[in-house]
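Q: I'm new to this structure and would like a close look at one part of it. Could you take me through the aromatic rings and then on to the pockets?

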Amino acid sequence: MRLFGRKGEEEEPVGPADRIAGFWQWWETTRPELDAMVAAEDAERLSETLAPAVAAVHPGLVYEVAPGRNAIHALVVTAAGDAELRSLAHRWAKAAPEPDMLWEFHPSRQANPQALELTLSVGGFEFALDKLMFGLRVPPGTIRVDVAAYHPIFGELDEESRLEATLLALDWLLGEDDVARWVGEITPATFQPIDSVPAVHLPAVVADVASGYEDEQWALLEGQTANGAPLIATARYPLRPVDYPLYDQLITITLPYAHRDENGLPVGDSLTALRDFEERLAARLTKPHAEAVLAAHLSAEGTRVVHVYADPTGDAAIHAKELIVSWEEGEPRVDVASDPSWSADAPFLS
């Protein structure tokens, strides 16, 4: 049995933590009724009961009741691609009770080992995943697989239905998070692409691409400021919010430096001091309860700006504020803001 949630109309005027706690209190109270509904395969009642409870956490979240990996059923509450809500969905799952024989809980759709055995109705047609074919391409210099999807029924469907079926199939084959990590352009096709392969081969192709990025890597980029001055940036690569779903707090550390070249970039003692600062910062971020990642730093016009993304319940902001006390070249600053979509680092996202 697989059910998809409906969005609610209003959000209760309480904080996210309170709404999440309220959901799990409701779950504990309502659990016997929910168990009876799934046992009776009463999809309509289950939908009417679950939909308002999930919408009370946030009206933009989408839920799904699916077969579990270890339990009989999985309750999935997902942001469905909305980067602003990803951390909320993961906090919902983090607060969930321990799974049991009947229920487990996930903040994103999970890969289904039996995906190719599934068939669903799309636009009145049978959509069997074992008939799905993919044209796969990895553009040079990218870390993503572009997918052109073809199914014999696609010629009978409208564009929206073709795309919806393709996205659902990708989630079942790879899991929603790996789709976000490794899949690039998605094109449903009404004609079978040249050199297409059965859908069963997609996970192996993605795993091959992913194997090249198992170790920590950094990318060096060059650009210009709004004033036209040279800018040098170093960013983690790949850099993806999906890898750090609870890190929705942006910590910006601004460090003026005294020794610069004619382009305003750090040299000499300043470059040494900046490297030492970032080494000490990285060491702090590996401590228990820091729960943060150094995402990127930018240098231009006598200033280095360091971006750290962190779990706001952790200690990363405290560590940053303690570290800047020792900075001796100008007045350093730490700014803390909420940035669940990582918009401040949008140019560096992979």
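**Rings and pockets, up close**

A: Let's start with Trp182, which counts as buried because its relative accessibility is 7%, below the 20% cut-off for that label. Keep in mind that this is a predicted model.

Trp182 sits in helix α5 (residues 176-182). Its ring pairs with that of Tyr213, and the two are tilted: the centres are 6.3 Å apart, with 35° between the planes. Tyr213 belongs to the loop between α6 (202-210) and β11 (218-224), so this pair links distant parts of the chain, 31 residues apart. Is Tyr213 buried or partly exposed? At 24% relative accessibility, Tyr213 counts as partly exposed.

The charged end of Arg240 sits over the ring of Trp182, 4.4 Å from the ring centre.

The structure holds 17 aromatic pairs. One of them joins Trp92 and Phe105, and it's edge-to-face because the planes meet at 80°, with the ring centres 6.4 Å apart. Here too the pair links distant parts of the chain: Trp92 is in helix α3 and Phe105 is in strand β4 (residues 103-106), 13 residues apart. Trp92 is buried, with a relative accessibility of 0%, and Phe105 is buried too, at 12%. Both Trp92 and Phe105 belong to a cluster linked by ring pairs, along with Phe23, Trp24, Trp26, Trp27 and Trp103.

The largest pocket has a volume of about 580 Å³. It is lined by 27 residues, and those closest to its centre are Ala80, Arg109, Leu167, Leu168 and Asp171. Which element gives the most to the lining of the largest pocket? That's α4, with 7 residues. Sorted by class, the lining has 14 nonpolar, 7 polar and 6 charged residues.

You'll find it in the loop between β3 (73-78) and α3 (86-94), and its phi is near 50°, a positive value in a residue other than glycine. Ala80 counts as partly exposed, because its relative accessibility is 44%. Glu41 also has a positive phi, near 55°, and it isn't a glycine either. Glu41 is in the loop between α1 (16-39) and α2 (43-57), and it is exposed, with a relative accessible area of 61%.

The second largest pocket holds about 250 Å³ of space. It has 14 lining residues, with Leu271, Arg275, Glu278, His297 and Arg304 lying nearest its centre. The elements that give two or more residues to this lining are β12, α7 (268-285) and β14 (292-300). Helix α7 provides the largest share, 5 residues. By class, this lining has 7 nonpolar, 3 polar and 4 charged residues.

Finally, follow the chain on from β12. The loop between β12 (230-236) and β13 (249-256) contains Pro238, and a cis peptide bond joins Tyr237 to Pro238, with omega about 0°.

Definitions and conventions:
Residues numbered from 1 in each chain as written. Predicted model: local features only at pLDDT ≥ 70, side-chain atom pairs only at ≥ 80, totals over all residues. Heavy atoms only, no water. Helix = DSSP H or I, 4+ residues; strand = E, 2+ residues; numbered from the N terminus. Buried < 20%, exposed > 50% of the residue type's maximum accessible area, 1.4 Å probe, protein only. Phe/Tyr/Trp six-rings, centres within 6.5 Å; stacked < 30°, edge-to-face > 60°. Lys NZ or Arg CZ within 6 Å of the ring centre and 35° of its normal. 1 Å grid on protein atoms, 1.4 Å probe; cavity = no way out; pocket = protein on both sides within 12 Å on 5 of 7 lines; lining within 4 Å. Points joined across faces, edges and corners; volume = space filled by probe spheres on them. Nonpolar A, V, L, I, M, F, W, Y, C, P; charged D, E, K, R; others polar.
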